[in-house]
Amino acid sequence: MQDEKNDITTAVADRDPAKGLAAVRALRTLADRLEDVQVANARQQGWSWRAIADVLQVSRQAVHQKHSRGE
């Protein structure tokens, strides 16, 4: 995990656009996965869609549409 973190950190600062853009893609993927996990965690703890949306600074509709599958 530490090596992967260092690889992304290095790639983000790289002058090669291919490496930098690949790092951006990896960070977006990670952020999406973290959001999925934490939204599910919040819902399991009884949070409303409005409360989750407020923390994420998006609309309630957007967060509900993105994460409500399976509910």
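In the predicted model, Asp32 is partly exposed, with a relative accessible area of 39%. The side chain of Asp32 forms a salt bridge with that of Lys66, the N to O distance being 3.8 Å. Since Asp32 belongs to helix H2 and Lys66 to helix H4, this pair ties together parts of the chain that lie 34 residues apart in sequence. Lys66 has a relative accessibility of 36% and therefore counts as partly exposed.

Arg69 counts as exposed because its relative accessibility is 57%, whereas Asp36 is partly exposed, with a relative accessible area of 31%. The side chains of Asp14 and Lys19 also meet in a salt bridge, at 3.9 Å from N to O. Asp14 is partly exposed at 28% relative accessibility, and Lys19 is likewise partly exposed at 45%. The count of salt bridges comes to five. In general, side chains of opposite charge can pair when their charged atoms come close.

The packing of helices H2 and H4 was examined next. Their axes are 11 Å apart and pack at an angle of about 95°; angles of 65 to 115 degrees count as roughly perpendicular, and H2 and H4 are therefore roughly perpendicular to each other. On the H2 side, the contacting residues are Asp32, Glu35, Asp36 and Val39, which meet Val63, Lys66 and His67 in H4. Asp32 and Lys66, the partners in the salt bridge between these helices, are thus both found among the residues that meet in this contact.

Helix H4 also meets helix H3, which spans residues 49–56. The axes of H3 and H4 come within 8 Å and cross at roughly 105°, so that these two helices are also roughly perpendicular to each other. The contact involves Trp49, Arg50, Ile52, Ala53 and Leu56 in H3, together with Arg60, Val63, His64 and His67 in H4.

Val63 takes part in the contact with H2 and in the contact with H3. This residue is located in helix H4, which comprises residues 60–67, and counts as buried because its relative accessibility is 2%, against a cut-off of under 20% for burial. Apart from residues up to four places away in sequence, Val63 touches Val39, Trp49, Ile52, Ala53, Leu56, Val58 and Ser68.

The loop between H3 and H4 contains Gln57. The phi angle of Gln57 is positive, at about 60°, although this residue is not a glycine. Most residues other than glycine have a negative phi. Gln57 is exposed, with a relative accessible area of 74%.

At the surface, Val12, Leu27, Leu30 and Leu34 form a nonpolar patch, with about 340 Å² of accessible area together. Helix H2, which covers residues 17–44, supplies the largest share of the patch, namely three residues. Val12, by contrast, is placed in helix H1, which covers residues 2–13, and counts as partly exposed because its relative accessibility is 46%.

Helix H2 also contains Arg25, which is exposed, with a relative accessible area of 57%. Arg25 and Ser68 are 43 residues apart in sequence, and their C-alpha atoms are 24 Å apart in space. Ser68 itself is one of the residues touched by Val63.

Terms used. Residues numbered from 1 in each chain as written. Predicted model: local features only at pLDDT ≥ 70, side-chain atom pairs only at ≥ 80, totals over all residues. Heavy atoms only, no water. Helix = DSSP H or I, 4+ residues; strand = E, 2+ residues; numbered from the N terminus. Buried < 20%, exposed > 50% of the residue type's maximum accessible area, 1.4 Å probe, protein only. Contact = heavy atoms within 4.5 Å. Patch = residues over 30% accessible without salt bridge, like charges linked within 9 Å, V, L, I, M, F, W, Y side chains within 5 Å. Areas by Shrake-Rupley, 256 points an atom, 1.4 Å probe, with all protein chains shown as cover. Salt bridge = Lys/Arg side-chain N within 4 Å of Asp/Glu carboxyl O. Axes fitted to C-alpha atoms, helices over the stretch in contact; angles between N-to-C directions. Parallel < 35°, antiparallel > 145°, perpendicular 65-115°, else oblique.
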